[in-house]
Amino acid sequence: MTNLTPALQVKNLTKTYSNGFTALKNVNLTVPQGGFFALLGPNGAGKSTMIGIISSLFKPTEGSVKIFGTDLLQNPSVAKQYLGIVPQEFNFNQFEKVEDILINQAGYFGISAKESKPRAKKLLTALGLWDKRNNKARELSGGMKRRLMIARALIHKPRLLILDEPTAGVDIELRRSMWDFMQQINTEENTTIILTTHYLEEAEQLCRYIAILDHGEIRINTEMKDLLSKLSIETFVLDMAKPINEPIRIEGVTAVSQPDAQTLEVTLSEGESLNQVFTQLSAQGIEISSMRNKANRLEELFMRLVEQGIETEDSMAEAGL
């Protein structure tokens, strides 16, 4: 895979708006073909600006963007053939029929209705919208509209798909079905996917690669497994078999809290063991009925990076990561 042309290559990308605000500062980013890539960052980090440049909504102040080796600024018509975008906002004609939205979108890429209709049926069926194909888009629920946005972005078979907060406001069951579908096209059609999301458990579960933007700069750019291996702190939720109304003390751990009479939260740093926790609880006659992680590992790490203002990958060590 390393010898293949990158799906996306961003070089020295800078964007300064007319009011003098610099949203992106000399950003460099390479997304390999066939990857499932997470682009994360707090609000105002520059994610929307970067996606706006990649989707040709506005031009960069400096730098270049190549999609499968084609320069977006020099040859936008070819570069955009490779690209599918699912933005945060619904931006289709609300009074148009569902199937027509896909057929007309395909037409923008020179695909005839005869060619696009089978593709539209396949996508709408996979996303649970085929029975709504003759409905006007305005009649769909919010979750259905999200799925319609994905189908529209995929109608011309793009090689690179960018999903900008695609499951915002979508219930858990629907989110899972959407991700099953995205994993399928990533695997079966080799579609490269870039995901921005505030649901960090999705990023941890789905993505092989991750970049973290903060204040317009790339702070972290690595494989997900390598980043998570640096996490040296974890919080466990312990459910007690019986309510305990008195404070529980556990020595030799980073932190202990009691959200309620039947729940303990224990935070362990590297070198601290759950065994010592259970030994001390047993000595106090406290039985634990179940245990789970409080948050996914990526969320814990991401929050610590943002809160501590990590500047570079090297400084992660200074923060105990």
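Is Asn190 buried, exposed or partly exposed? At 44% relative accessibility, Asn190 counts as partly exposed, where buried means under 20% relative accessible area, exposed over 50%, and partly exposed in between (1.4 Å probe, protein chains only). This is a predicted model, in which local features need pLDDT of at least 70, side-chain atom pairs count only at pLDDT 80 or more, and totals for chains, interfaces and linings use all residues. Residues are numbered from 1 along each chain as its sequence is written, and side-chain values use heavy atoms, leaving out hydrogens and water.

Asn190 sits in the loop between helix 6 (172-188) and strand 8 (192-196); helices (H or I, at least four residues) and strands (E, at least two) are DSSP runs, numbered from the N terminus. Its phi is positive, near 55°. Most residues other than glycine have a negative phi. His215, in the loop between strand 9 (209-214) and strand 10 (217-223), also has a positive phi near 55°, and His215 is exposed, with a relative accessible area of 52%.

Four strands form an open sheet in the order 2-1-4-5, with antiparallel pairing (two strands pair if DSSP finds at least two bridges between them). Strand 2 (22-31) and strand 5 (70-71) each have a single partner strand, so one side of each is left without a neighbour in the sheet. Strand 4 (residues 62-67) pairs with strand 5 over two bridges, and Ile67 has Thr70 as its bridge partner in strand 5.

Finally, look at helix 3 (residues 98-108), whose buried residues include Val98, Ile101 and Leu102. Helix 3 is followed by Gly110, with a positive phi near 75°.
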